[in-house]
Amino acid sequence: MRELHADTGYLLYRLGLRSGQLFNTFLQESGLRLRHYAVLRYLATCEGALQRELSARLGYDPSAIVGLVDDLEKLGFAERRPAPDDRRSRVVVLTEDGRAFLRDTDQAGRRVTDELLTPLAPAEREALHALLVRVAGNGLA
């Protein structure tokens, strides 16, 4: 039987867990978790999204999205607005406070990445990132 570290999938899983732990530790004082951050980051790439779109794009259960958006609304980082093409639907939009929070967390995100990738040289980090983007494009939303 081969060792766990011989399994690339397992290593990716473990690194994902470690990355999440580091980032959640950083986010702890804001009251947010990595899942909230992911919603904010996604909203920063668009003019707003339906909750079902957030669920599909981020891979979160629709009921989890409702709670995450509720939390972000309470903090003033996101808000629900009527969808322009269907008044029964709500579009989740990033607020200016949400944008400011993301700007403030950018440096911390880089610190988390730096801590995780300490053993790699800059060129290796770039190569790893390019490979991960390629793999993520093959099946991840």
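How are α2 and α4 oriented to each other? In this predicted model, the axes of the two helices cross at roughly 80° and come within 10 Å. Angles of 65 to 115 degrees count as roughly perpendicular, and α2 and α4 are therefore roughly perpendicular to each other.

Here is who takes part in that contact:

| Helix | Residue range | Contact residues |
|---|---|---|
| α2 | residues 34–43 | R35, H36, V39 and L40 |
| α4 | residues 62–75 | A64, I65, L68, D71 and L72 |

Sorted by class, the α2 contact with α4 comes to six nonpolar, one polar and two charged residues.

Let's follow one of these residues, L72. Leaving out residues up to four places away in sequence, L72 touches H36, V39 and L40, along with L32, F77 and A78. L72 also turns up in the largest nonpolar core, a set of 24 residues, where V39, L40, L43, L54, I65 and L72 have the most contacts inside the core. At least two core residues come from each of α1 (8–27), α2, α4, β3 (86–94) and α5 (96–116). The top contributor is α2, with six residues.

Now for the sheet. It's an open one, with three strands in the order β1-β3-β2 and antiparallel pairing. β1 (49–50) and β2 (78–83) sit at the edges with a single partner strand each, so one side of each has no neighbour in the sheet. Six bridges join β2 and β3 in the antiparallel sense, and A78 has L94 in β3 as its bridge partner. Helix α4 packs on this sheet too, touching β2 and β3, and its direction makes about 115° with that of β2.

Notes: Residues are numbered from 1 along each chain as its sequence is written. This is a predicted model: local features need pLDDT of at least 70, side-chain atom pairs count only at pLDDT 80 or more; totals for chains, interfaces and linings use all residues. Side-chain values use heavy atoms; hydrogens and water are left out. Axes are lines fitted to C-alpha atoms, for helices over the stretch in contact, and angles run from 0 to 180 degrees between N-to-C directions. Helices (H or I, at least four residues) and strands (E, at least two) are DSSP runs, numbered from the N terminus. Angles under 35 degrees count as roughly parallel, over 145 as roughly antiparallel, 65 to 115 as roughly perpendicular and the rest as oblique. Contact means heavy atoms within 4.5 Å. Ala, Val, Leu, Ile, Met, Phe, Trp, Tyr, Cys and Pro count as nonpolar, Asp, Glu, Lys and Arg as charged, and the others, Gly among them, as polar. A nonpolar core is a set of buried Ala, Val, Leu, Ile, Met, Phe, Trp, Tyr and Cys residues joined through side-chain atoms within 4.5 Å. Buried means under 20% relative accessible area, exposed over 50%, partly exposed in between (1.4 Å probe, protein chains only). Two strands pair if DSSP finds at least two bridges between them.
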